[in-house]
2 protein chains.
Amino acid sequence: MKQPTCGLLLFPGMTQLDLTGPYEVFSLVPGLKVLLVATDSKPVKTEHGLVLSPDCSFDDCPQLDVLVIPGGVAVNDLLTDDRHLDFVRRQASTASWVTSVCTGALLLGAAGLLVGYRATTHWRSVSFLAEFGAIPVTDERVVVDRNRITAAGVSAGIDFALLVAAKLGGDDVAKRIQLGIEYDPAPLFHSGHPRTAPQDVVAAVEERLRPAIERRKLAVARAAANLKAMAS
Amino acid sequence: MKQPTCGLLLFPGMTQLDLTGPYEVFSLVPGLKVLLVATDSKPVKTEHGLVLSPDCSFDDCPQLDVLVIPGGVAVNDLLTDDRHLDFVRRQASTASWVTSVCTGALLLGAAGLLVGYRATTHWRSVSFLAEFGAIPVTDERVVVDRNRITAAGVSAGIDFALLVAAKLGGDDVAKRIQLGIEYDPAPLFHSGHPRTAPQDVVAAVEERLRPAIERRKLAVARAAANLKAMAS
């Protein structure tokens, strides 16, 4: 039997923890090969400067069993980029699991892969999913609908990856990984979601994200128009 | 005022999430400069193959305000390595916060920096801390004792970094970062610590870790003997 392979998309300006959280978990799934995939083989600078290197390019990448699309502010640039859209569609056509962390869901959406699917993403961007024909889910950290698995923002990638590990290897494999990485979270504050965070904290984060969200509105509108044109 | 700087140690074979979890949080602390530091400027391969590049070498590294030592199986090799011990001692002598994630605490211990301090580390290695004169703590995810802050295993680095963010910038800064990275954890299983994980899961993980722990026993004994010889 062919060794199962998980590929995580790497792109400039991405949020590195969207990728590195799941990477740690996937690397501990017995027998799973884990690859970082980018347009070409050059190292990629993530949002805050951390540089990650791809294991393969779009052209070299084998057909993946698990496709993982991380997110970040810079995902906007990918939503109308044919190289990324073609790669994601080509991989999704045969992958067992088509997945995303944080705003990686927007790229799945722009590729037309969430039409009629329940899905989630970072809380600040979840409303955008409807523009791609998805059914936005705001009250689940990881959403499974058939073979699509979408996670909420950034740190949700760890919860997400443990769920995928359970799908791939069974619950005991996931439980062992959880214990190995001592995932026994104890957040200092109740501030991980707008429903629990203090209102002034929500307002401050919304203010910080505002310029990126304004640019995202335009990028999503263009991508959604392209998707509609392709479908008609 | 000088810009505060946080330096995270990078070393071959380390557990990348020990570093990349805190890195994401620290990068969002307004005004904090974040550096990856290694013996020299060459890229470093972490435990499962992910390659990270240092921003500076031990020689180039400025005196840090926050020193962060991540861990991993490969920390054993550092416990008797003078370059690492000297670097950690030199930085700790002026740092505002001397900290570790996971088994990075063993390097702080080997450097003599935990004598008389309450400290924690990955659950499977916490008993080793006593050999370095520390007071092992098994029931706190992040332990603060004066200016030493030590975190439990791997994923505890996120809880740890949010606490450090609060120390550096105030609670509101930490709360905003927590909301930004949507740190609202929802583990699929109760399996993040031996006190909650099923006993057969604990046994399986202990079995997997056994060879590394056997090697660690020897490395810790040698390092503890060196520390005693230095003190006498």
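Reader: How do you know what the buried residues of α5(B) pack against?

Author: They pack against α6 of chain A, along with α1 (16-27) and α4 (156-169) of chain B, where contact means heavy atoms within 4.5 Å. Mind you, this is a predicted model: local features need pLDDT of at least 70 and side-chain atom pairs count only at pLDDT 80 or more, while totals for chains, interfaces and linings use all residues, and side-chain values use heavy atoms, with hydrogens and water left out. Residues are numbered from 1 along each chain as its sequence is written, and chains are lettered from A and ligands numbered from 1 in the order in which they are written.

Reader: What makes α5 of chain B a largely enclosed helix?

Author: Helices here are DSSP runs (H or I, at least four residues), numbered from the N terminus. Seven of the 10 residues in this one, 171-180, are buried, so the rest of the structure largely encloses it. Buried means under 20% relative accessible area (1.4 Å probe, protein chains only). Among the seven are B:Val173, B:Ile177 and B:Leu179.

Reader: And why are B:Asp184 and A:Arg195 called a salt bridge?

Author: The rule wants a side-chain nitrogen of Lys or Arg within 4 Å of a carboxyl oxygen of Asp or Glu. Their side chains meet at 3.0 Å, N to O, so the pair qualifies. Across the interface of chains A and B, the rule finds two salt bridges.

Reader: Which element gives the largest share of chain A's side?

Author: That's α5(A), with eight residues.

Key:
Helices (H or I, at least four residues) and strands (E, at least two) are DSSP runs, numbered from the N terminus. Buried means under 20% relative accessible area, exposed over 50%, partly exposed in between (1.4 Å probe, protein chains only).
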